Number of protein chains: 2
Amino acid sequence: MNKLYIVGTGPGDLDWLTPSAKQAITASTDLVAYGLYLDLLGAICDNKTLHTNALGNEIKRAELALDLASENKTVALISSGDIGIYAMATLVFELLKTKEDESHPWQSVELEVLPGISAMQACASRVGALLGHDFCTISLSDLLTPWETIATRLEHAGQADFVVSFYNPRSQKRDWQINYARDVLLKYRPASTPVVLGRQLTREDESIRIIRLDELDAKDVDMFTLVSVGNSETQQVMHQDKTWLYTPRGYSKKL
Amino acid sequence: MNKLYIVGTGPGDLDWLTPSAKQAITASTDLVAYGLYLDLLGAICDNKTLHTNALGNEIKRAELALDLASENKTVALISSGDIGIYAMATLVFELLKTKEDESHPWQSVELEVLPGISAMQACASRVGALLGHDFCTISLSDLLTPWETIATRLEHAGQADFVVSFYNPRSQKRDWQINYARDVLLKYRPASTPVVLGRQLTREDESIRIIRLDELDAKDVDMFTLVSVGNSETQQVMHQDKTWLYTPRGYSKKL
């Protein structure tokens with residue numbers, strides 16, 4: 001009653017859905033999500049009122065979740081991966097902020113945020129230990145963030161030699177940003193630096209490709225792809241006919 | 001048989017342990033871990049051979065896991081959080097690399113890496129949506145990494161305006177690095193920037209404190225504390241008598 005669970009369900013495989021996330025969904029009467037995420041969850045969603053809408057209507061989705069929870073319902077607002085990483089969680093709080101100085105039904109809602117395994121972690125685990133040392137994430141979507149901010153961040157990520165995971169690397173309209181990012185990183189780390197293209201991670205049609213940084217190109221990336229770039233110390237090792245990647249914690253040379 | 005699961009078990013609460021991680025541990029005959037992690041797992045560890053040793057002997061722990069798996073056992077090498085983030089996974093691959101050009105029993109071992117919910121994600125979820133936009137992690141341990149590298153990385157994280165999570169913020173010997181990090185970030189973001197001190201996340205004695213960046217001090221941090229610093233856009237909102245934090249995806253000013 002008057003509860004909103006903000007839930008990350010992991011990358012797709014139900015064995016990566018935490019018990020706490022599953023319990024939250026099970027306890028809810030109403031589920032609010034982009035339709036695909038509910039399809040992936042399957043039978044867990046039975047006997048609940050499902051509210052799905054198009055991917056772009058995130059503000060409406062968050063508003064709906066708060067509205068429903070204000071009406072004595074127990075609601076789960078669901079994203080795949082970790083809902084706190086670039087996803088819906090921050091929107092809920094942005095909306096609450098707009099009502100902070102007045103009295104509003106949303107203020108009756110008890111909140112609980114439950115993280116999930118993110119795409120970045122799933123991708124890194126498929127190839128070994130890519131996130132073994134300092135890393136960062138950068139969203140290449142300039143829909144809400146000025147491109148100048150993103151470009152500056154890319155320069156610093158390059159100079160700092162972070163392992164970098166790119167969220168929102170590509171969309172129909174945004175088809176050059178990942179190449180720009182590649183060229184920035186190429187100024188600071190070797191052309192042979194390994195890059196992982198992780199697509200549909202943990203799902204039936206999962207594909208993992210390891211390429212060189214100078215081979216990275218927007219044509220090989222779509223909106224279902226997570227792009228993770230090793231740092232200058234990331235190593236490759238062959239084991240049982242497969243290439244594994246790891247970023248060691250010891251440093252053989254200074255930055 | 002001849003299998004090594006490299007498993008992250010999440011921050012502590014068993015409801016945050018993924019089914020895949022639990023299945024890996026259940027399927028194993030031998031568990032290798034720092035003793036505390038196995039205590040947290042409880043009955044899942046019954047009827048297995050447990051190999052525990054002191055926290056510092058990470059290389060020996062990884063070697064043991066590979067040795068046991070080479071001897072026809074099914075082994076789970078376990079860390080709390082996400083074993084791919086700063087933890088044991090990268091060590092396993094570093095060890096395999098040393099044997100890459102010869103024939104060695106370790107090469108008979110099938111590997112599988114299973115990520116878990118990291119401390120950083122647990123901390124962010126407790127306060128709301130701190131990781132709503134670009135973020136990075138920096139380890140303040142200069143045991144294996146030159147301090148110059150860390151200092152450079154801090155400067156760039158500050159200039160890039162990342163949300164920053166500090167792993168290994170403090171130990172008995174390392175008691176000034178977090179203050180140095182604070183001072184670097186204070187050059188680039190407001191003194192009032194919120195910082196979360198998340199201690200023993202999801203465990204019985206969990207504590208979450210939100211302070212200002214200029215209040216951050218090593219005396220309030222220990223080895224069980226995750227320190228996450230908001231960026232210059234991170235906001236606070238009061239909701240049901242609690243302070244929540246979120247980092248919005250839209251930017252109100254340019255960097």
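Start at the interface of chain A and chain B, where 46 residue pairs are in polar contact, both residues at pLDDT 80 or more. A polar contact is a pair of N or O atoms within 3.5 Å; within protein, one must be able to donate a hydrogen and the other to accept it, and residues adjacent in sequence count only if both atoms are side-chain atoms.

This is a predicted model: local features need pLDDT of at least 70, side-chain atom pairs count only at pLDDT 80 or more, and totals for chains, interfaces and linings use all residues. Residues are numbered from 1 along each chain as its sequence is written, chains are lettered from A in the order in which they are written, and side-chain values use heavy atoms, without hydrogens and water.

Now show both sides. Together the chains bury about 6,800 Å², 57% of it on carbon and sulfur atoms.

Next, pick D134(A) and R153(B). Their side chains form a salt bridge at 2.6 Å, N to O. The interface has four salt bridges (a side-chain nitrogen of Lys or Arg within 4 Å of a carboxyl oxygen of Asp or Glu).

Finish inside chain A. The contact residues include W147(A) and L154(A) of α6(A), and Y180(A) and V184(A) of α7(A).

Notes. Contact = heavy atoms within 4.5 Å. Helix = DSSP H or I, 4+ residues; strand = E, 2+ residues; numbered from the N terminus. Buried area = accessible area lost by both parts, 1.4 Å probe.
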